[in-house]
Amino acid sequence: MERIEHRASFGGWQDVYRHRSDVLGCDMTVGVYLPPQAAQGGRLPVLYWLSGLTCNEQNFITKAGAQRYAAEHGIILVAPDTSPRGDDVADAEGYDLGKGAGFYVNATREPWAKHYRMYDYIVHELPEWVESDPAASDARAISGHSMGGHGALVIALRNPGRYRSVSAFSPIVAPSQVPWGEKAFGAYLGDDREAWKQHDTVELVRSAQEKLPLLIDQGDADEFLHGQLKPQLLQAACEAAGHPLELRMQPGYDHSYYFIASFIGDHIAHHARALRG
């Protein structure tokens, strides 16, 4: 594990590490914010942040302004890259498949299956490394934006008891029913749409073993709202299943990090309450 960035921020440290991932078969980078409470000893809870299409760890750590709130609440922030990287990693033309577009699934089709195992990386390998540090506890929360919001919701729903809270900004809630998801799932998972349901929030809430409350912020001026995100599908599924959902439609906000930075404090406070409990 090699630390490649180390910057003071709100009394703590914003670091970036490079490490070899056995799961992905490549080198990966991950941002880790250690709040000032980490210097006092004891183990702190961890919030995992999953970013969206085209992003890496830099988007969140430089644009969201989350360090301020993590320092206030004493939470470690972990922000990994969104896909495997490297010269021998498969890629595709366009921004919505291949590098920068891992979709947080374990690919089963070639040429993707060799490296694109982001589900296992986020659920297993990354937390094992994080929790090996004496500053980090196994009290986990998960959040994300767009493709990363999809990943956060699916991972939380598929792993009852593993996360104490979950939230998302502008998530792709029904990837089986929108162009982004259909393209990625078809490439990574094949043509069996039944297999896609294990990576679709709308499908998963119908039989979720744990009724973990979902907090979602969505801008009503988001250019992808009607074609790719469709939060009304999740709202209907949650109502039918009796699954707790707080869907906040935010007037005037788009899909950008201006939107995330405006409400990230609310989300970190939401996670802090659950992590303390």
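**Close-up views of a predicted model**

**View 1. His271, a buried histidine.** With a relative accessibility of 0%, His271 counts as buried, because buried means under 20% relative accessible area. This and the other views show a predicted model. His271 sits in helix α10, which covers residues 257–276. Look for Ser167 beside the histidine: the side chains of His271 and Ser167 are joined by a polar contact of 2.9 Å. Leaving aside residues up to four places away in sequence, His271 touches Leu47, Ala141, Ile142, Ser143, Ser165, Val166 and Ser167.

View 2. Which residues of α5 are buried? They are Trp180, Gly181, Ala184, Phe185, Gly186, Ala187, Tyr188 and Leu189. Just after the helix comes Gly190, with a positive phi of about 95°.

**View 3. Pro231 in helix α9.** Pro231 belongs to helix α9, made up of residues 231–241. Is this proline buried or exposed? Pro231 has a relative accessible area of 8%, and it is buried because that value falls under 20%. Not counting residues up to four places away in sequence, the residues that Pro231 touches are Val173, Gln218, Leu225, Leu247 and Met249.

**View 4. Stepping back to the whole chain.** The chain's secondary structure consists of ten helices and nine strands. Its radius of gyration is 17 Å, close to the 19 Å that the globule rule gives for 277 residues, so the chain is as compact as a globular protein of that length. The C-alpha trace spans about 50 × 45 × 35 Å along its principal axes. Buried residues account for 58% of the 277 residues. Of the contacts between residues at least 6 apart in sequence, 70% join residues at least 24 apart.

View 5. The chain exposes about 11,200 Å², of which carbon and sulfur atoms supply 46%.

Key
Residues numbered from 1 in each chain as written. Predicted model: local features only at pLDDT ≥ 70, side-chain atom pairs only at ≥ 80, totals over all residues. Heavy atoms only, no water. Helix = DSSP H or I, 4+ residues; strand = E, 2+ residues; numbered from the N terminus. Buried < 20%, exposed > 50% of the residue type's maximum accessible area, 1.4 Å probe, protein only. Polar contact = N/O pair within 3.5 Å; in protein donor to acceptor, adjacent residues only side chain to side chain. Contact = heavy atoms within 4.5 Å. Rg over C-alpha atoms; globule rule 2.2 N^0.38 Å. Areas by Shrake-Rupley, 256 points an atom, 1.4 Å probe, with all protein chains shown as cover.
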